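Subject: A structure to look through, with notes

Dear colleague,

I am handing over a structure for you to look through, and below it I have written out what was found in it. Please keep the view open while you read, so that each residue can be located as it comes up.

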Amino acid sequence: MKVGGEHFRTIWLHPTNERVVQLIDQRFLPHRFVIEDVSTVAQMATAIREMHVRGAGLIGASAGYGMYLAVLEARHTGSISAEEFEANLADAAVQLKATRPTAVNLSWAVERVRAGLAVKQTLAVQEKVQLALCIAKQIAAEDEENCRLIGQHGLNLIEGIAREKNGKPINILTHCNAGWLAFVDYGSALAPIYAAHDHGLPVHVWVDETRPRSQGSKLTAWELGQHGVPHTIIADSAGGHLMQHGEVDLVIVGSDRTTCTGDVANKIGTYLKALAAQDNGVPFYVALPSSSFDWRIRDGSEIPIEERAAEEIKHADGWRDGETIEVRVAPEESPAANYGFDVTPRRLVTGLITERGVCKAEEKSILELFPEHAS
């Protein structure tokens with residue numbers, strides 16, 4: 001996607017220094033556009049944990065590059081045995097996996113790099129560096145292409161609604177940020193919206209603010225504005241009201257982890273949107289690449305739900321006089337519980353939009369698209 005007319009991905013290798021990974025530090029958006037240099041596993045773990053990067057696909061791509069940095073670090077420890085090399089990688093894997101427990105793309109990417117290196121154990125260390133880099137780049141490239149395809153499949157759904165509305169605006173509600181900032185490019189839930197806008201369809205997006213980190217009002221709104229997509233920011237609790245009054249034609253959200261049977265973990269508040277959508281007859285779709293499926297879990301109750309610091313609930317930040325300031329919005333002595341995600345059961349999901357097409361949120365339909373995962 002473009003920022004000020006210039007194309008950007010969310011993460012990439014430094015053009016003149018292969019020991020440095022560059023990424024968009026999303027903590028400063030929408031007020032400042034900051035590129036961060038990351039050169040160690042510890043720095044990448046911090047970037048993931050502290051949400052310099054966030055979103056399922058981007059977390060996975062960042063973890064892939066984090067494992068590449070782990071191989072670089074192992075190379076520079078001097079003479080190292082195969083056992084020591086593997087131990088270093090294992091330590092890096094643990095460090096990266098501990099950052100965000102809900103997004104399955106994280107562990108998937110870490111293990112993909114480790115598995116690729118394990119097949120080539122006899123390679124010299126420098127060759128392992130290049131192999132790890134190759135795998136990390138593949139993870140990022142596949143994420144980008146999968147999201148582009150999600151956009152095309154989702155476009156077909158929006159075109160159907162457009163025909164029914166006969167030129168009137170198509171109102172789409174989304175929750176949190178599942179745009180290109182949450183992936184390497186294009187995004188998941190926003191990819192069909194971008195595709196529809198680029199095809200000349202009159203789309204309008206209701207943007208949930210998405211407390212407590214405000215990924216909707218900060219990131220989704222900024223993205224849509226950069227792309228010229230009409231949108232309106234709303235309070236998290238306003239979606240049901242809009243659906244009751246016929247102001248929502250379609251809900252599209254992303255996913256941090258979806259079971260092989262179709263239960264969906266996504267940003268906290270998604271479940272409530274799904275309930276409101278069902279009650280008002282509004283189609284509720286989840287857009288996700290196959291890397292966000294957890295093929296080992298059958299029931300959403302098994303998905304680990306991240307609990308973040310209470311300060312995120314009790315404080316808010318904003319832009320004033322050219323700098324970011326933080327203020328307390330709750331009584332200092334009051335406790336707070338900060339659940340990062342909730343699970344929407346498959347019975348509330350109209351369908352899943354993947355890179356291979358649209359399917360029902362049920363095991364049989366999912367496996368028809370991904371037969372290689374059938375047991």
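Strand β11, which covers residues 264-267, pairs with β16 in the antiparallel sense, and 4 bridges join the two. Please bear in mind throughout that this is a predicted model. Within this pairing, Ala 265 has Val 343 of β16 as its bridge partner. Helix α9, made of residues 270-279, packs on the sheet and touches both β11 and β16, and its direction makes about 30° with that of β16.

The sheet to which these strands belong is an open one of 4 strands, in the order β13-β10-β11-β16, and its pairing is mixed. Because β13 (293-294) and β16 (341-344) each have a single partner strand, they stand at the edges, and one side of each is left without a neighbour in the sheet.

Strand β14 (residues 315-320) is joined to β15 by 6 bridges, and the two strands run antiparallel. There are 2 residues between the strands of this hairpin, and Asp 321 takes a positive phi near 50° there. Across the pairing, the bridge partner of Asp 317 is Glu 326 in β15, while His 315 stands opposite Arg 328 of β15.

Strand β15 itself, which spans residues 323-328, includes Val 327. Together with Ile 325 and Val 329, Val 327 forms a nonpolar patch on the surface, and the accessible area of the three together is about 220 Å². Is Val 327 buried, partly exposed or exposed? Its relative accessibility is 43%, and Val 327 therefore counts as partly exposed.

Turning to charged side chains, the structure holds 22 salt bridges. One of them joins Asp 317 to Lys 218, where the closest N and O atoms are 2.6 Å apart. Since Asp 317 lies in strand β14 and Lys 218 in helix α7 (residues 215-227), this pair ties together parts that are 99 residues apart in sequence. Asp 317 has a relative accessibility of 41%, so it counts as partly exposed.

Arg 328 and Glu 332 also meet through their side chains in a salt bridge, at 4.0 Å from N to O. Of these two residues, Arg 328 is partly exposed, with a relative accessible area of 47%, whereas Glu 332 counts as exposed at 56% relative accessibility.

A further salt bridge links Arg 114 with Glu 111, and their closest N and O atoms are 3.6 Å apart. How are these two residues placed in helix α4? Arg 114 and Glu 111 are 3 residues apart in helix α4 (residues 104-119), which means that about one helical turn separates them. Arg 114 counts as partly exposed at 22% relative accessibility, and Glu 111, at 31%, counts as partly exposed as well.

Finally, there is a network of salt bridges in which Arg 100, Arg 213, Glu 306, Arg 308 and Glu 312 are linked.

Note on methods:
Residues numbered from 1 in each chain as written. Predicted model: local features only at pLDDT ≥ 70, side-chain atom pairs only at ≥ 80, totals over all residues. Heavy atoms only, no water. Pairing = 2+ DSSP bridges. Contact = heavy atoms within 4.5 Å. Axes fitted to C-alpha atoms, helices over the stretch in contact; angles between N-to-C directions. Patch = residues over 30% accessible without salt bridge, like charges linked within 9 Å, V, L, I, M, F, W, Y side chains within 5 Å. Areas by Shrake-Rupley, 256 points an atom, 1.4 Å probe, with all protein chains shown as cover. Buried < 20%, exposed > 50% of the residue type's maximum accessible area, 1.4 Å probe, protein only.
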